[in-house]
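Here is a short tour of a structure and the spaces inside it. Have a look at the model first, and then we can walk through it together.

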Amino acid sequence: MRIDIQGQTLELVQGDITEQQVDAIVNAANSRLAGGGGVDGAIHRRGGPAIMEETRRRYPDGCPTGSAVISGAGNLPAKYVIHAVGPVWSGGHRGEDELLASAYRRSLELAVEHGCRSVALPALSTGAYRFPLDRAARIALRTTIEFLKQHRAPSLVRFVLFDEAAYGAFSAALEELTSPQT
Ligand code: ADP
């Protein structure tokens, strides 16, 4: 599924983010940038040790929840990896929605600041961090659409959803957000 947002493309695909041929891919990191399972494990496995060496050196204090940091991409086809730290879901009363939105916003800002024209993002916080998928999808897409309207960049934002459930949730949310208002 693909739509135009004032000249920029917003795309949803089902697949593996480590295979994306884009300028930057976004990682679902933890605040210590310590490495983990899920997307993070896949990125470090395929990207090689250079990524972790760089984040240890440049960001020894890690990265706060709701923010992101950038590194090179080692052996991956992308130029950069943006390590975004989404919130752990704990019921919805601890600012999780805003922290998730801000992790996406900061990731897109870093991409634009580094001249990236194409960016691939995963469904942050929806795996080990247990953020409800439908709610996460609405926040991810609303935040991205607002960002694209405001900044007119990057040219391509692609959400790479790992399984059918995530792809379905993002497709439904995108239809809901872009259907004509009555
Ligand atoms: P978090 O700790 O932020 O929840 P996870 O990596 O556990 O991060 O999960 C985030 C989402 O990424 C989940 O929806 C999971 O299915 C998905 N995912 C796992 N591996 C990949 C991959 N290689 N490419 C894209 N998405 C992935």
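How many residues surround the ligand, and which are the closest? In this predicted model, 15 residues surround the ligand, and the closest of them are Val 39, Ser 125, Thr 126, Gly 127 and Ala 128. The ligand sits in the largest pocket, which has a volume of about 690 Å³.

**Around the ligand**

- Helix α1 supplies the largest share of the shell around the ligand, namely three residues.
- Sorted by class, the shell around the ligand holds nine nonpolar residues, five polar ones and one charged one.

- A polar backbone atom of Val 39 lies 2.9 Å from an oxygen atom of the ligand.
- Ala 128 also takes part through its backbone, with an N or O atom 2.9 Å from a ligand oxygen.
- For Tyr 129, the distance between a polar backbone atom and an oxygen atom of the ligand is 3.0 Å.
- Taken alone, the ligand would expose 570 Å², and the protein buries 88% of that area.

**The largest pocket**

- Of the elements, α1 gives the most to the lining of the largest pocket, with five residues.
- The pocket lining divides into 17 nonpolar, 10 polar and four charged residues.

**The cavity**

- How many cavities of 30 Å³ or more does a search of the whole structure find? The search finds one.
- About 40 Å³ of space lies in the largest cavity.
- The residues that line the largest cavity are Asn 27, Ala 29, Asn 30, Leu 33, Ala 34, Gly 35, Asp 40, His 44, Thr 55 and His 83.
- By class, this cavity lining comprises three nonpolar residues, six polar ones and one charged one.

Methods
Residues numbered from 1 in each chain as written. Predicted model: local features only at pLDDT ≥ 70, side-chain atom pairs only at ≥ 80, totals over all residues. Heavy atoms only, no water. 1 Å grid on protein atoms, 1.4 Å probe; cavity = no way out; pocket = protein on both sides within 12 Å on 5 of 7 lines; lining within 4 Å. Points joined across faces, edges and corners; volume = space filled by probe spheres on them. Helix = DSSP H or I, 4+ residues; strand = E, 2+ residues; numbered from the N terminus. Nonpolar A, V, L, I, M, F, W, Y, C, P; charged D, E, K, R; others polar. Near = heavy atom within 4 Å. Polar contact = N/O pair within 3.5 Å; in protein donor to acceptor, adjacent residues only side chain to side chain. Areas by Shrake-Rupley, 256 points an atom, 1.4 Å probe, with all protein chains shown as cover. Sits in = over half its atoms within 2 Å of the grid points.
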